[in-house]
Amino acid sequence: MEVEVPGGSEAVGGGGTDTGSESSFKVSQVEIEDVEENLKNAEAIFEHLEQLPFQVFILSEFGKPIFVNNDRNEGEVVSLAALICAFVSRCQSWGDSLMTMTSQDNHIQFLHKSPLIFCVVSKYPEQLDQQLEVLFEQICSILSKSQLENVYKKKGDNYDLRKLLRGTDRLIDSSISSWRASPINLVDSSISAIPMNPSDREFLSSTMASSMGAAKLDGALFGIMIAKRQIAAIVRFKKYVIHPRDLNILINLVSDTTLQTDAQNWVPICLPRFNDTGFFYAYISYPWCNKEQDVPACLVLLSVKRDHFDGLKEVRHQIVTKLENNSKFFTNFSQAVKTPNLYQISQIGSNSESLWSFLYLNHSSRQVCMSASK
Amino acid sequence: MSGTRKKALLKVIILGDSGVGKTSLMNQYVNRRFSNQYKATIGADFLTRDVNIDDRTVTLQIWDTAGQERFQSLGVAFYRGADCCVLAFDVTNAASFKSLDSWRDEFLIQASPRDPDHFPFVLLGNKVDLESQRAVSSKRAQSWCQTKGNIPYYEVSAKEALNVEAAFLAIARDALARESQETNDFPEFPDQIRLNPNQQNQQNSGCNC
Amino acid sequence: MEAIANPLYFFSNLSLNPPSCSNVVRFIDVLEFFFVAHPQSGRKEGEEHRRVMYFHPKGEQFERQTEITGFAEAVVNFTENFLSTCSRREIKLSDNEDGFDFRTVTTQRTEHVYIRTEDDQFILGVSLSKQLSQVSDYPLFQPAIRSILSDAYKMFRMFFGTFSSFIKVVPDDIPKFRERLDFFFSKYIPLLKVHKMPLLDHLGGVEFLRMSGPLYLNVVSLITELREEFPIIEKIMILYQDKLLYYQLSKRDLPSLFRYLTHNLLPTTLAPELEHSGRNTSKGRYLRGPTDLTTDAPLLGDESLSVVHLHSDSEDLEELIGYQMMVYRCLNATVCMFVRNCGGERRDSDASTRSSPPQNGIVSRRLLRNIDQFLETELALVASKIGDEIGDEKFPEATDFHYIYFNPSSLSMTSSLSTSPALSVAASGSASKVLLPPVDVNRLVCDTMSNFVSETEEFGECFVKSSSDWWIVIKKVNSRLLVLILPPSSYTSSLADVQSKTATIVKSHFEAIFFS
């Protein structure tokens, strides 16, 4: 049974047969750079990727450090931040704008988005500019862009933004780690969908849609099922669309392990691509995050109204019940989510010996998928 | 940097004519600095020093600027966001004392602090070990300080690091006092998203539902 | 391409812009600034401007010169923070092999490259404007800019020696050093032209003439005999028209010498010759140096020979040694002979147009006469044989593709995209009848090289199609590099087509050099 490439293509070949058998869900080994051993789960890969050397600095445009992602000698960080500010300012005084510095084996990228300066030092030059933009959007999602811009005006240039960002280090770290964990998502700002068979996804989507619709919560706009940093399903009210960059921010948010309990969370979050001045409220829950079920899927319900907590709690209950009641679905779903299937070369029907891996990007749907290597 | 309360950080600018001895003063006070050449190349040396005030540790981010006219093109970027400013002159050099007014004024113009009248300054009179060559009396310096809103005055020399330390402690304490007057901040979420019925996002439809 | 075939084009006439169809761009048309800095001189507070040894444009305010050079130095220091100790060691080692320690800076409007030379005592820097480059159809490719900057330094060093050799006593020697830099760079920079295909400047090869076996042996035996007759000659190189035949000197000096001869010395000194309806005199003569060889008067002033500073043949030695250079020409062939310059200080106290050798230099008029006697016949013989051979050669059809071939071990490079100073009116047969590639294709070639073709691997292959339907093929065999640039055509619409076309081209044009 072929696993469908999500994103709109018709079912290929003989559909209808059961995909539940274990044999058709092989987890391929994904080799990442020069790692010898097989890193089978995302966490280990993540950890390994995090060790790749790069340093990120966030500072105010007047030189005060706000965030650094490694445990460099703190005194050094403070001076470095001032120096970074000096470089950026010097270029500005020339009517220009500093972008990069490179040496033999280092690339340093700068981004000045008033009132902040972002700087990353990396061994690898790829997409550093995108990475900084993503980081800026992450900060905006915590504070909203308008609040960020106004706070220095209201409180003075010497304001210490760390006060407003207290407790969010994790989120920022997670955003930075995601560059390595899902680098392909930076390509054209795309999202990847977790492989599921179409009928299951259809069931999931319609369940979510009907439950949300029935609740008649005016202002509840989106429902998303996320697992392993990928999308299982999205439902939305017709007029409104959610940008992949915003989705990636949500993915970072829910990937924070402290949220992965069966408690429910009501988190204000700004989605800058949707609206950069206001806040959504995200109802986040991991319904099956317990010893018996242990399905690492996360349900996110987004509303613009602060007082929808109770309503959305009920929606969640509806969705979870209906999904669990369909045991066939639930089994498939659990399987798909726990051990995600990776696309195989053979699935695109190429017999070429030399084809090693593929990457498919659909511009209009903004979805991307990548195969395991051969 | 962990999630709990971080060390307070103060940006301190040091101003004064070249030759008053800012560098050697700083060398005394700060045990670690980046290479000296930043002053000659980008316009300032950047130093860090932690001080203890009561039982809090405060990090001072010190910008030891070059005393030249030409670097004033960077004034705005350098001066803005400063929590306090240290003015330095050489007691054996009257001209360096006379420059203080313009340094202070220049700073207030470029930095535009919210409360210029109460902005924390400190005055350092350096090279007091050369007593025989003194050209500016302690009294004269102090009366200047009084006219400028009672700026604290410290006589220092590169040989007597102690007073330098006292000066920085004073300025840190002053700046810190200002800071704690403000209430704890939390992000505010007052801005509700208003959904415009005609709202069209620019991108193409993008979801697999 | 008629404008290029006109030899007058290469002379120092600044008002002559390369036509927009040309394959070169005047460097100053894209240049924002160029500088030579000596950080040590600018340490004192208030005297930072003293670090500026040379700056172009000359009219730039001192303050800005100081800011720019200061910024560069600060960038160098700042990036040091992030170098691990082992890469620091590595860089020191490779200082003179692959190139100098460098930094690049990109801003919204410009691209900068800085290199450090002579134990990091000096910084040379350049900034190119993105907007001006766009207007000139010049793709900004950092490795090429780095090579251009390095070549500028090496050219100065070849003529005047290292920077350090000028400033033994600081600050006393500084004004002299500045004056010398000014003398050289204020001519060099405005005259400098760079290829619209930046890869050519980055590879920095020299063009050899393809000869038959026997003919090549003739050349080699001529040189051998010459050196046996005159053992005082330590290094030598021989060209025919603007192509290299053979050389005996350090490979490290070859590109600079070759460029100097073909872009500078030969075009300027041959102008009168070519003006007269292209007929060369059969008598051999020296280019530069004395005109009257009949006396035995010492060679002084205008009649003295140039001195160049060259590397020793031993790869390990870094030191440069001064040599007097004799350049002899006969029937389109040029022989460059180098004799060690012994004794005395090179420099005098007043600026002269070139270094004058000490009065007790060993190159005398007598030596020149004797060499002249020898070469007049022997060189003429070989030269006319060469002339016959290439005259007989059926000019290969102009190609319907563009190419670059480079052999890193011999430095041999040929391309349909390089400038050919066209010392002779006859085309050398390497012309292409295809229009020059558009700037996006040139850029794509460079990007493909940086991203997909490893410098260290000996073998490789890469096919790229541009969005304007040009195909680029890059092949590496035994470290030799071949780049083919195919214009859009119905014969090359699929990858399979391109692969077969490539095979055909290699067979018909490159078999001999590629696989031998």
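Let me start with one pair of residues. In chain B, Ala88(B) stands opposite Leu124(B) in strand E5(B). Keep in mind that this is a predicted model.

Ala88(B) belongs to strand E4(B). E4(B) and E5(B), residues 121–126, pair in the parallel sense over six bridges. E4(B) has a pairing with strand E1 of chain B as well, residues 8–15. Four bridges join those two, and they also run parallel. There, Ile13(B) stands opposite Cys85(B) of E4(B).

Look at the faces. In a regular strand, side chains alternate between the two faces of the sheet. On one side of E4(B) we have Cys84(B), Val86(B), Ala88(B) and Asp90(B). On the other we have Cys85(B), Leu87(B) and Phe89(B). Both faces are covered. Note that Asp90(B) is among the buried residues.

Next, chain C. The chain has 516 residues, and 53% of them count as buried. It has twelve helices and 18 strands. Its accessible surface comes to about 23,000 Å². Carbon and sulfur atoms hold 52% of that. Now the contacts between residues at least 6 apart in sequence: 65% of them join residues at least 24 apart.

One sheet in chain C deserves a look. Five strands form an open sheet, in the order E15-E14-E18-E17-E16. The pairing is antiparallel. Which strands stand at the edges? Strand E15(C), residues 412–415, and strand E16(C), residues 460–465. Each has a single partner strand, so one side of each is left without a neighbour in the sheet. Neighbouring strands are turned by 5° against each other on average, direction ignored.

E16(C) pairs with E17(C), residues 471–477, in the antiparallel sense. Six bridges hold that pairing. Within it, Val464(C) stands opposite Ile472(C) of E17(C). Then there is a helix on the sheet. H11(C), residues 439–452, packs there and touches E16, E17 and E18 of chain C. E18(C) spans 480–486. The direction of H11(C) makes about 35° with that of E17(C).

Last, chain A. It has nine helices and twelve strands. Of its 374 residues, 56% are buried. The accessible surface is about 15,500 Å², with 49% belonging to carbon and sulfur atoms. For contacts with a separation of 6 or more, residues 24 or more positions apart account for 60%.

I picked one helix pair here. Two packed helices are described by the angle between their axes and the distance between the axes. The pair is H6(A), residues 198–215, and H9(A), residues 327–338. Their axes come within 10 Å and cross at roughly 110°. That makes H6(A) roughly perpendicular to H9(A). Which residues make the contact? From H6(A), they are Asp200(A), Phe203(A) and Leu204(A). From H9(A), they are Phe329(A), Asn332(A) and Phe333(A).

To recap, E4(B) is a strand with both faces covered. The chain C sheet is open, with E15(C) and E16(C) at its edges. And H6(A) crosses H9(A) at roughly 110°.

Key: Residues numbered from 1 in each chain as written. Chains lettered and ligands numbered in written order. Predicted model: local features only at pLDDT ≥ 70, side-chain atom pairs only at ≥ 80, totals over all residues. Heavy atoms only, no water. Buried < 20%, exposed > 50% of the residue type's maximum accessible area, 1.4 Å probe, protein only. Contact = heavy atoms within 4.5 Å. Areas by Shrake-Rupley, 256 points an atom, 1.4 Å probe, with all protein chains shown as cover. Axes fitted to C-alpha atoms, helices over the stretch in contact; angles between N-to-C directions. Parallel < 35°, antiparallel > 145°, perpendicular 65-115°, else oblique. Pairing = 2+ DSSP bridges.
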